[in-house]
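Subject: Structure handover

Hello,

Here is the structure for your files.

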Amino acid sequence: MDGPLTLAHESDEGGEVALRRRGEILELVVDGVFAMDSLDPSTERDLATQALARHDRPRTVLVGGLGLGFTTRAVLADPRVEHVDVVELSAPLVRWARAGLVAELAGLEEERCRLHVADVADVLTGGHEPPGPWDLVLLDVDNGPGFLVHAENADLYRVPGLARARDALEPGGVLVVWSSHVAPDLHAHLQDVAAPGETVAEVPIRVRRDGRSFTYALYVLHRGAAA
């Protein structure tokens, strides 16, 4: 089989990012680490649909991590959603999306959706635009806490980072964190963050890739409604 064709490659202060085609499959590589591809984006879409199903009126959504745009498209497919903020650390990836470099990323930024170049950790603390809070916060910035693309993201999966994500929710809001593996520590940290009466769930997702079985997982916190 022929090797991948590099469509774009660039480095900036957020690190190195590349888009590659392997046949019809689009691959995203960050700092030399495989991040995701378009072979089976079902779990990225599940990140959106699981959150949307848990909220009666998800008007505002924060998506942490642009990836190849599958989560954002699934969010925008819900007519209840009025505004989506997509926060992506890589400026080149955002620029390629705006330029429509590949079909998977083209046309994402429109009336209801804005792309922002920022560290989602800074956004969650209020140190960088866009301002919250949001009805849904969806985090897919790594391959999960056990397979970090950026080592500095580790705090997002621990109590301090998860607490900031919870606090960025509107009352009744939903936080969902994507992981490429079952992560008991992440589940436990979410339970530590949850206030009395708030619910936390682990949602395993079993998929097959290249003849092999994998178990991904979503970690969900449903914030309590206002008193």
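Predicted model: local features only at pLDDT ≥ 70, side-chain atom pairs only at ≥ 80, totals over all residues.

Residues are numbered from 1 along each chain as its sequence is written, and side-chain values use heavy atoms, with hydrogens and water left out.

Four-stranded sheet

An open sheet of four strands runs in the order E1-E2-E3-E4, with antiparallel pairing. Strands here are DSSP runs of E with at least two residues, helices are runs of H or I with at least four, and both are numbered from the N terminus. Two strands pair if DSSP finds at least two bridges between them. The edge strands, each pairing on one side only, are E1 (5-12) and E4 (33-37). The twist averages 20° from one strand to the next; axes are lines fitted to C-alpha atoms, for helices over the stretch in contact, and angles run from 0 to 180 degrees between N-to-C directions. E2 (residues 15-22) and E3 (residues 25-30) are joined by six bridges in the antiparallel sense. Arg-22 has Ile-25 in E3 as its bridge partner. Helix H3 (residues 91-99) packs on this sheet, touching E1, E2 and E3, and its direction makes about 130° with that of E1. Contact means heavy atoms within 4.5 Å.

Seven-stranded sheet

An open sheet of seven strands has the order E7-E6-E5-E8-E9-E11-E10, with mixed pairing. Its edge strands are E7 (113-117) and E10, each of which pairs on one side only. Direction ignored, neighbouring strands of this sheet are turned by 15° against each other on average. E9 and E11 pair in the antiparallel sense over six bridges, and the bridge partner of Val-174 in E11 is His-222. H3 lies across E6 (83-88) and E7, running at about 150° to E7. H5 lies across E8 (134-139), E9 and E11, at about 140° to E9.

Helix H6

In H6 (residues 184-193) the buried residues are Leu-186, His-187, Leu-190 and Val-193. They are on the same side of H6 because they cover an arc of only 120° around the axis, taken from the directions from the helix axis to the C-beta atoms. Pro-184, Asp-185 and Asp-192, on the other side of H6, are exposed. Buried means under 20% relative accessible area, exposed over 50% and partly exposed in between (1.4 Å probe, protein chains only). The cover over the buried residues of H6 includes H5 (159-167), E9 (169-179), E10 (199-209) and E11 (212-222).

Cores

A nonpolar core is a set of buried Ala, Val, Leu, Ile, Met, Phe, Trp, Tyr and Cys residues joined through side-chain atoms within 4.5 Å. The largest has 43 residues, and those with the most contacts inside it are Leu-19, Leu-28, Leu-66, Val-84 and Leu-138. Another core, of 26 residues, lies apart from it; among its members are Val-141, Leu-175, Leu-186 and Tyr-219.

Aromatic pair

There is one aromatic pair (rings of Phe, Tyr and Trp, the last by its six-membered ring, with centres within 6.5 Å; planes under 30 degrees apart are stacked, over 60 edge-to-face, the rest tilted). The rings of Trp-178 and Tyr-216 have centres 5.5 Å apart and planes at 40°, so the pair is tilted. Trp-178 is in E9 and Tyr-216 in E11, 38 residues apart, so the pair links distant parts of the chain. Trp-178 is buried at 3% relative accessible area, and Tyr-216 is buried at 13%.

Regards
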